[in-house]
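Please open the model in your viewer and keep the selection panel at hand. The stops below say what to select next and what is to be found there.

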Amino acid sequence: MKTICLYFEIHQIIHLKRYRFFDIGTDHYYFDDYETERGITETAERSYVPALQALISMAKEHPGFFKVAFSLSGCAVEQLENYAPQVIELLQELNETGCVEFLAEPYSHGLSSLANEESFKEETLRMSRKIKELFGKTPKVFRNSSLIYSDDIGCMVASMGFKGMLTEGAKHVLGWKSPHFVYNCAANPNLKLLLRDYKLSDDISLRFNNTSWSEYPLFAETYMDWIAQLPEEEQVINIFMELCALGIFQPLSSNILEFLKALPACAKERGITFSTPSEIFSKHKAVDSIEVPYPLSWVDEERDISCWLGNGMQREAFNKLYSVADRVRICTDRRIKQDWDYLQASNNFRFMTTKPSSANMYRGIYDSPYDAFTNYMNIVGDFISRVNSMYPHDIDNEELNALLTLIKNQGEELEVKEKEIARLNTRLKKLSPVDEPKKETKVTKAPKAEKAPKATKKATAKKA
Amino acid sequence: MKVLMFGWEFPPHVFGGLATANYGIAEGLKAQGDMDITLCLPRPFGDEDQRSAKILAMNCVPIVWRDVHYDYVKNRIGNIMNPELYYQLRDHLYADFNYMHVNDLGCMEFAGGYPSNLHEEINNYSIIAGVVARQQQFDIIHAHDWLTFPAGIHAKQVSGKPLVIHVHATDFDRSRGKVNPTVYGIEKNGMDHADCIMCVSELTRQTVINHYHQDPAKCFTMHNAVYPLAPELQAIVDQRKPSAERKEKVVTFLGRITMQKGPEYFIEAAKRVLDRTRNVRFCFAGSGDMMNAMIEMAAAYGIADRCHFPGFMKGKQVFECFRDSDVYVMPSVSEPFGISPLEAMQSGVPSIISKQSGCAEILDKCIKVDYWDIDAMADAMYALCTYPSFHEYLQVEGKREVDGITWEKVGGRIKKLYEETIQKCK
């Protein structure tokens, strides 16, 4: 029996503002809040809200039959919380119908999986926690930003305990193989993979409203017929796209939501079911392993990472940014952490692409890739100097980390001791109402803190 | 096809950008084959490259009958004109110009370049064009810039052949809108009489359509191009030091220091860059009426120690300047085309150009800013001096892009337009 795995990505960029090099060192706020707000409210109004309402009605109409999966980036969640909370509410309402699975992804929607393993794991776990907080379930399946995947990334994801991952059914990797099966990661067979059927996915997200397309107008019946006509043994059809495909890429006036709503009924008629990624992973065995030595993604015709790291400028920006990844992870400054998330978003690199296919691409506030590069580099320059000013530059990361752990451990130790003191004090009070011993304990505590002379400052700061 | 071309200057005697463009067009046309070009110049020196076009010296064309001996003629002007041609031209005098100031051969002298009595020279040039047009055989007339428009019109009236005019600049560009009525009159008259108007950019074409009220159907955009660097110039450019060895970065402005070129915006941007970093120098290569004002401005901003004014440069010097530059900036307020960024990119110097320049229409691998947006300009200068990958990308890709812009392609388009114009005027 064939089953459809429908998955939507929710991500919007937090726009950077125009930042000149003479702002470096004087202005530490990098974001264009107006543009961000405008972008997210427009997307929510034109796409997220109507699309989610349609999905909710589908879930209610076909309870237990219709299934869908979502992933949200941390940037998107923060924007939705700030500017369009109704979208989160709709997602929660959809979640209550029990037809949704939420997947994990890196918090920043960035490229950390290609640069820094620890940062990648940290932000993925952070996103998982956020999903748990919002929807009550810890994700079991992972999808990387823009479906970037390689054997190395597969290994990292498997080591974090995910049982499966979503990625692109890129032709140059699959060759003659079909994406309609479950595969596993060549480097770690425990990690199962679902591969996007780019033809069927793009039929909806790219071509649906294209009047010069030979299949225009596309009806749900035809679409389901295509799926039903696939060879019997090809059972898993993965249709992945951005949620804003419904409403932004394909305008609502194209009746895309009516098309979507008709899908479950048409599927039922043809004996096709819907499943979430977890269900597929538990029901299906992997038929083969897939070797991906070079990273692939779902972007552009090439399905690789060239749209983010294709030219020298992009690579310089990428290397500059991730050169401070370890420092940022160590540091505890909330604003630095937040800026770090927003600066990592892959969109920032995409604005710098010079690929010929990008000629008429949307570039946000920039009018050319060079403009995007200079603006981003100015911001990164300021950001790096802020990170470096947190800790002395000449201490290497390992040493710094050791010192910081020491401080942390001692802080914890102190806390335990303080509790002990408090406990003893109350006991003492019960025994005899004299205040003398209190003074004594305070005296013993002070030299202890001074034992780590480099650490005192931080330790006190921490307590504060 | 025979073309009678009117020009004002020609390499190697360069006074402005017109010479380079004129040479390029002649070469590009020659490359199409079956082109016979006669180029009229007011005062050639005899050392011009005559491979692509036969040069006809206007200061050796008689307009008054003088009975002179062959040997005398040969002795006087043999180096720039064949005496046979002198006699053939003398057979086509059409009016009595004895009242004019003529020499012993019955010819008029030209100062060359852009002297103060320019209007008189333009008039004389057109008188002589009458003789030339009667003697020469040609299918089409091609006049470059307003200086030669009266000559073109005259030749058209004499011969009845179609007139193509080439607008390299308009007075709106040169004067930032405050046009000289005499010049405007000459330009407008030339355009009104032309059968086809070639403009060096869409920007210029729009000026011609909107300010000179020309029929858009006869205005065509004909972008300029560049020549591959000559080996000796390439050798100069190749001496560029690797960027790692260049401790101080040099940002260059190259062109006439006049209102049209926007030098004050360059200083403003320089000031912003120097507020931040000290390892950048700014070079003003060129001369012009605003030079002193610019020096004063740099001094007033306290950046005179970092701004250098080496003066007018030509030929090899230009490329030596490019060799030592890291960034080229053309902040022109209004630039009909602007060949120099192409030359800079050819020499491996990334360019920042104003969006108000014609070459921005065909260049992609360079940074484009509004001329008044000094913040953006400063930002781009800073980025090119600071981020090696950015500099390298624009250096390599810029050169590749410019290498694809050749006069041969332009020549092909011009020839096609000639044919269409001749068809149309039959």
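Begin by selecting His213(B), which in this predicted model sits in the loop between helix 8 (202-211) and strand 7 (219-221) of chain B. Its phi is near 55°, a positive value in a residue other than glycine. Is His213(B) buried or exposed? Since exposure is assigned when 12 or fewer other C-beta atoms lie within 10 Å, His213(B), with 10 C-beta neighbours inside 10 Å, counts as exposed.

Next, move to Asp34(B), which is found in the loop between helix 1 and strand 2 of chain B. Here too phi is positive, at about 55°, although Asp34(B) is not a glycine, and the residue is exposed, with 9 other C-beta atoms within 10 Å.

Strand 1 (residues 2-6) and strand 2 (residues 36-41) of chain B run parallel and are joined by five bridges; if you pick Val3(B), its bridge partner in strand 2 of chain B is Ile37(B). On the way, stop at the loop between strand 1 and helix 1 of chain B, where Pro12(B) lies: a cis peptide bond joins Pro11(B) and Pro12(B), with omega about 5°.

Which strand is joined to strand 2 of chain B by four bridges? Select strand 3 (residues 54-57) of chain B, which runs parallel to strand 2 of chain B, and look for Lys54(B), the bridge partner of Thr38(B).

The next selection is helix 3 (residues 83-90) of chain B, whose buried residues are Tyr86(B), Leu89(B) and Arg90(B). Viewed down the axis of helix 3 of chain B, these buried residues fall within an arc of 100°, so they line one face of the helix. An α-helix has 3.6 residues a turn, so residues three or four places apart point the same way. Show helix 2 (70-77) and helix 4 (118-135) of chain B as well, as the buried residues of helix 3 of chain B pack against them, while the face turned away from that buried side carries the exposed residues Glu84(B) and Gln88(B).

Now zoom out to chain B as a whole, which has 16 helices and 13 strands. The radius of gyration of chain B is 23 Å, close to the 22 Å that the globule rule gives for 426 residues, so chain B is as compact as a globular protein of that length. Along the principal axes, its C-alpha atoms fill a box of roughly 70 × 45 × 40 Å, and buried residues make up 50% of the 426 residues.

Then display both chains and select their contact, to which chain B gives 15 residues and chain A 13 residues. On the side of chain B that touches chain A, two or more residues come from each of helix 10 (263-276), strand 13 (367-369), helix 14 (374-386) and helix 15 (388-403) of chain B, and helix 14 of chain B gives the most, with five residues. By class, this side of chain B has seven nonpolar, one polar and seven charged residues.

Finish in chain A, in the loop between helix 7 (198-205) and helix 8 (220-228) of chain A, where Pro217(A) lies. A cis peptide bond joins Tyr216(A) and Pro217(A), with omega about -5°.

How values were computed: Residues numbered from 1 in each chain as written. Chains lettered and ligands numbered in written order. Predicted model: local features only at pLDDT ≥ 70, side-chain atom pairs only at ≥ 80, totals over all residues. Contact = placed C-beta atoms within 7 Å. Nonpolar A, V, L, I, M, F, W, Y, C, P; charged D, E, K, R; others polar. Pairing = 2+ DSSP bridges. Rg over C-alpha atoms; globule rule 2.2 N^0.38 Å. Buried ≥ 20, exposed ≤ 12 C-beta atoms within 10 Å, placed from the backbone. Arc of directions from axis to C-beta.
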